[in-house]
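Please open the model in a viewer and keep the sequence panel at hand.

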Amino acid sequence: MKKYEVIFIAKPLEEAEVDPIVEFVSNLLTKNGATIEKVDRWGKRHLAYPVKKQNDGYYTLINFEIEPSAIFEIDRVMKIRDEILKHLIVKIGE
């Protein structure tokens with residue numbers, strides 16, 4: 001298993017409305033065999049440029065361990081979610 005981190009920007013909602021989105025991503029990771037190490041919520045921030053007609057977004061960073069073959073499925077599912085404006089999955093270390 002390798003270490004990864006995913007950062008995603010959710011639509012600019014209130015914190016209580018962002019909880020289900022973070023829960024969805026966490027469940028997506030665990031269903032695909034990930035072990036979540038840390039969930040770091042950065043909060044609502046102004047974007048450098050509009051993304052999907054949004055000027056603000058709610059940032060969340062999740063560190064996890066997973067088999068590399070499962071990354072493609074996680075990436076695919078996150079791309080089709082309307083609530084997630086952008087995301088980036090990065091392999092850590094080595």
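The model is a predicted one, in which local features need pLDDT of at least 70 and side-chain atom pairs count only at pLDDT 80 or more, whereas totals for chains, interfaces and linings use all residues. Residues are numbered from 1 along each chain as its sequence is written, and side-chain values use heavy atoms, with hydrogens and water left out.

**The whole chain**

Switch to the cartoon. Two helices and four strands make up the secondary structure; helices (H or I, at least four residues) and strands (E, at least two) are DSSP runs, numbered from the N terminus. Along the sequence their pattern is β-α-β-β-α-β. The radius of gyration is 13 Å, close to the 12 Å that the globule rule gives for 94 residues, so the protein is as compact as a globular protein of that length. Here the radius is taken over C-alpha atoms, and the globule rule is 2.2 Å times the number of residues to the power 0.38. Along its principal axes, the C-alpha trace spans about 35 × 25 × 25 Å.

Colour by relative accessible area next. Buried residues account for 34% of the 94 residues; buried means under 20% relative accessible area, exposed over 50%, and partly exposed in between (1.4 Å probe, protein chains only). Among contacts between residues at least 6 apart in sequence, 73% join residues at least 24 apart, a contact being heavy atoms within 4.5 Å.

**The strands around E1**

Select strand E1, residues 2-10. Which strands does E1 pair with? Nine bridges join E1 to E3, and the two run antiparallel; seven bridges join E1 to strand E4 (residues 84-91), again in an antiparallel arrangement. Two strands pair if DSSP finds at least two bridges between them. On the E3 side, select Val 6 and find Ile 62 opposite. On the E4 side, select Phe 8, whose bridge partner is His 87.

Now move to Thr 60 in strand E3. Is Thr 60 buried or exposed? Its relative accessibility is 0%, which counts as buried. Leaving aside neighbours within four places in sequence, Thr 60 is in contact with Val 6, Ile 7, Phe 8, Val 22, Val 39, Asp 40 and Arg 41.

**Salt bridges**

How many salt bridges does a search of the whole structure find? The search finds six, a salt bridge being a side-chain nitrogen of Lys or Arg within 4 Å of a carboxyl oxygen of Asp or Glu.

Select Lys 3 and Glu 37, whose side chains meet in a salt bridge (3.4 Å, N to O). Lys 3 lies in E1 and Glu 37 in strand E2 (residues 35-51), so the pair ties together parts that are 34 residues apart in sequence. Lys 3 is partly exposed at 41% relative accessible area, and Glu 37 is partly exposed at 42%.

Proceed to Arg 41, which forms a salt bridge with Asp 19, the closest N and O atoms being 2.6 Å apart. Because Arg 41 lies in strand E2 and Asp 19 in helix H1 (residues 15-31), this pair ties together parts 22 residues apart in sequence. Arg 41 is partly exposed at 33% relative accessibility, and Asp 19 is partly exposed with a relative accessible area of 33%.

Then select Lys 79 and Asp 75, joined by a salt bridge of 3.3 Å, N to O. Both lie in helix H2 (residues 71-80), four residues apart, about one turn of the helix. Lys 79 is exposed at 55% relative accessibility, whereas Asp 75 is partly exposed at 23%.

**Last stop: Asp 56**

Finish at Asp 56 in strand E3 (residues 54-66), partly exposed at 26% relative accessibility. What does the side chain of Asp 56 join in a polar contact of 3.0 Å? The partner is the side chain of His 46. A polar contact is a pair of N or O atoms within 3.5 Å; within protein, one must be able to donate a hydrogen and the other to accept it, and residues adjacent in sequence count only if both atoms are side-chain atoms. Not counting residues up to four places away in sequence, Asp 56 touches Pro 12, Lys 44, Arg 45, His 46, Leu 47 and Leu 85.
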